[in-house]
Amino acid sequence: MTTELTTDCAIVGGGPAGLVLALALLRHGIRVAVLEKHADFLRDFRGDTIHPSTQDLLAELGLLDEFLTRPHDDMPRVTFSWYGTELTLADFTRLPTRRKVMTFMPQWDFLDLIADTAAQHPEFTLLRSTRVDGLIRDGDRIVGITGTGPGGDFTVRARLVVDASGRDSDIRAEAGFVPTGVASAMDVLWFRIAKTAGERYPFIQAGSGLIITIDRGDFFQIAHVIPAGAWRGTDADLAAMKDRIARISPRMADAISAVTASDVHLLRVRLERLRRWFTDGMLCIGDSAHAMSPAGGVGINLAIQDAVATARILGPVLRDGTPTTADLRRVQRRRNWPTWITQFVQRRLQGPLIAERAPDAPLPFPLRMLRDHPRLTHVTGRFVGLGALPEKL
Ligand SMILES: Cc1cc2nc3c(=O)[nH]c(=O)nc-3n(C[C@H](O)[C@H](O)[C@H](O)COP(=O)(O)OP(=O)(O)OC[C@H]3O[C@@H](n4cnc5c(N)ncnc54)[C@H](O)[C@@H]3O)c2cc1C
């Protein structure tokens with residue numbers, strides 16, 4: 001038997017874009033259903049960054065105090081260790097935001113907070129363990145989605161379908177969207193290392209590639225940026241990785257000795273975007289519209305800002321009727337150029353991020369500029385902390 005549901009807006013994907021959009025639309029009194037293929041938000045390999053502008057948004061939603069009760073780490077500056085020399089990459093201390101810090105919180109805690117708040121609205125439905133696999137059309141217009149959940153097959157009919165299911169979206173392909181992009185110059189290896197009492201590492205260490213260390217309480221989550229295609233999972237690749245890491249961070253050499261190839265997860269980085277984010281009845285936002293690289297740690301912020309702009313533009317339309325393609329185009333017009341500019345900067349950063357340089361080689365040009373002109377760290381702080389075009393509800 002097929003379960004049928006009717007709502008105003010059906011959102012595919014309960015990531016940062018999908019859940020923030022849901023909560024922002026609920027404030028307009030609109031019925032929203034979010035369909036998420038996983039049972040929970042527990043995913044290790046996602047960014048944990050909650051940007052200063054996102055924290056302003058949480059304040060607008062009345063959630064900032066609650067957010068700050070959850071375990072988190074605040075970072076007023078992004079610092080960087082180049083073979084042991086400390087540099088500041090981005091400084092948030094002069095931002096025009098309530099909190100002038102980048103906050104690290106496991107993404108599942110952040111998403112739980114948004115989902116729990118949305119669940120207080122009777123107009124909200126969150127279907128977990130529910131994979132969307134098809135579209136319902138009425139002529140050329142998309143009028144709903146189909147999928148499978150714990151109770152079997154289901155259909156959701158809606159005046160608007162929003163695809164927020166990330167960079168590997170199937171439903172986007174089903175609607176005929178094909179992203180275009182440039183090949184990424186880098187991939188990311190993720191693994192955990194055990195934490196010994198009192199051991200701390202700089203957030204970013206660089207030299208021969210880049211190591212990012214996230215303190216997860218019981219262990220360190222390591223992201224190691226490598227040239228694209230350099231990891232095939234062989235013993236030789238593992239030895240080369242350990243050798244590179246030991247050169248950048250000799251202190252880490254012992255801790256990584258126990259890591260095996262099967263502990264290492266490869267995340268292929270993609271930099272893509274859609275030429276057109278919408279079709280009649282459906283809009284793509286977040287990584288579905290534009291897959292972001294981890295460079296600069298801005299993808300979550302961009303996805304959330306897409307969601308906020310979408311709710312602000314389409315909320316009033318959905319309250320009174322059905323969005324037209326002209327309404328959906330307004331969202332893309334608003335968010336297209338911040339996306340373009342962010343991806344442009346990410347492309348430019350890739351070279352310096354993966355370059356192999358000897359300890360006595362000169363600093364790469366962008367790092368030299370930041371070292372010699374420290375005021376520039378407030379400009380990079382604005383770009384990372386606020387994004388190219390910050391949005392308000
Ligand atoms: C290696 C790596 C590291 C990164 N680190 C950072 C960082 O530190 N900071 C930062 O800001 N950005 C980072 N990014 C980018 C960031 O992760 C993304 O830009 C951001 O998560 C996009 O959010 P989203 O909501 O659009 O998509 P996602 O976060 O991908 O969420 C999509 C959701 O849709 C669900 N879904 C998918 N298909 C279906 C389906 N068919 N049916 C139902 N549900 C479905 C998924 O389970 C998922 O929950 C990183 C990216 C990479 C590749």
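Modeller: Helices here are DSSP runs of H or I with at least four residues, strands are runs of E with at least two, and both are numbered from the N terminus. The model is a predicted one.

Colleague: Which element gives the largest share of the shell around the ligand?

Modeller: The elements with two or more residues in that shell are α1 (16–26), β9 (131–138), α5 (170–174) and α8 (299–320). The largest share, four residues, comes from α8.

Colleague: Which of the 34 residues around the ligand come nearest?

Modeller: By class, the shell has 15 nonpolar, 13 polar and six charged residues. The residues that come nearest to the ligand are G15, G47, G166, G286 and G299.

Colleague: How is the protein divided, and how far apart are the centres of domain 1 and domain 2?

Modeller: Domain 1 is made of 3–181 and 270–386, while domain 2 covers 186–268. Taken over C-alpha atoms, the separation of the two centres is 26 Å.

Colleague: Which element gives the largest share of the side of domain 1 that touches domain 2?

Modeller: The contact involves 19 residues of domain 1 and 22 residues of domain 2. On the side of domain 1, the elements that give two or more residues are β5 and α9. The largest share, five residues, comes from β5.

Colleague: How do the residues on that side of domain 1 divide by class?

Modeller: The classes are nonpolar, polar and charged. For the side of domain 1 that touches domain 2, the division is 10 nonpolar, three polar and six charged.

Colleague: Which strands are the edge strands of the sheet with seven strands?

Modeller: That sheet is open, with mixed pairing and the order β6-β5-β14-β15-β16-β13-β17. On average, neighbouring strands in this sheet are turned by 25° against each other, direction ignored. An edge strand pairs on one side only, and this holds for β6 (85–91) and β17 (265–268).

Colleague: Do the two pairings of β14 run in a parallel or an antiparallel sense?

Modeller: Strands of a sheet pair through backbone hydrogen bonds, in either of these two senses. Three bridges join β5 (residues 77–82) to β14, with W82 partnered by A206. Four bridges join β14 to β15, with Q205 partnered by I211. The pairing with β5 is parallel, and the pairing with β15 is antiparallel.

Colleague: Which residues of β14 are buried on each side?

Modeller: In a regular strand the side chains alternate between the two faces of the sheet. Both faces of β14 (residues 204–207) are covered. One side has I204 and A206 buried, and the other has Q205 and G207.

Colleague: What is the bridge partner of D215 in β16?

Modeller: Strand β15 (residues 209–215) pairs with β16 (residues 219–227) over six bridges, in the antiparallel sense. The partner of D215 in β16 is F220.

Colleague: At what angle to β16 does helix α9 run?

Modeller: Helix α9 covers residues 325–354 and lies across β13 (186–194), β15 and β16. Its angle to β16 is about 105°.

Colleague: Why does G351 count as partly exposed?

Modeller: G351 is found in helix α9. A residue needs 20 or more other C-beta atoms within 10 Å to be buried, and 12 or fewer to be exposed. G351 has 13 C-beta neighbours inside 10 Å, so it counts as partly exposed.

Colleague: How far is the C-alpha atom of G351 from that of M186?

Modeller: Along the chain, G351 and M186 are 165 residues apart. Their C-alpha atoms are separated by 8.6 Å.

Colleague: How many residues of helix α2 are buried, and which elements do they pack against?

Modeller: Helix α2 (residues 52–60) is mostly covered, with seven of its nine residues buried. The buried ones are P52, S53, T54, Q55, D56, L57 and L58. They pack against β3 (49–50), α3 (64–69), β7 (102–104), α8 and α11 (376–386).

Colleague: Which residue of β7 stands opposite M75?

Modeller: An open sheet of three strands has the order β3-β7-β4 and antiparallel pairing. Its edge strands are β3 and β4 (73–75). β4 and β7 pair over three bridges, and the residue opposite M75 is M102.

Note on methods:
Residues numbered from 1 in each chain as written. Predicted model: local features only at pLDDT ≥ 70, side-chain atom pairs only at ≥ 80, totals over all residues. Near = placed C-beta within 6 Å. Pairing = 2+ DSSP bridges. Axes fitted to C-alpha atoms, helices over the stretch in contact; angles between N-to-C directions. Contact = placed C-beta atoms within 7 Å. Domains from an automatic or database assignment.
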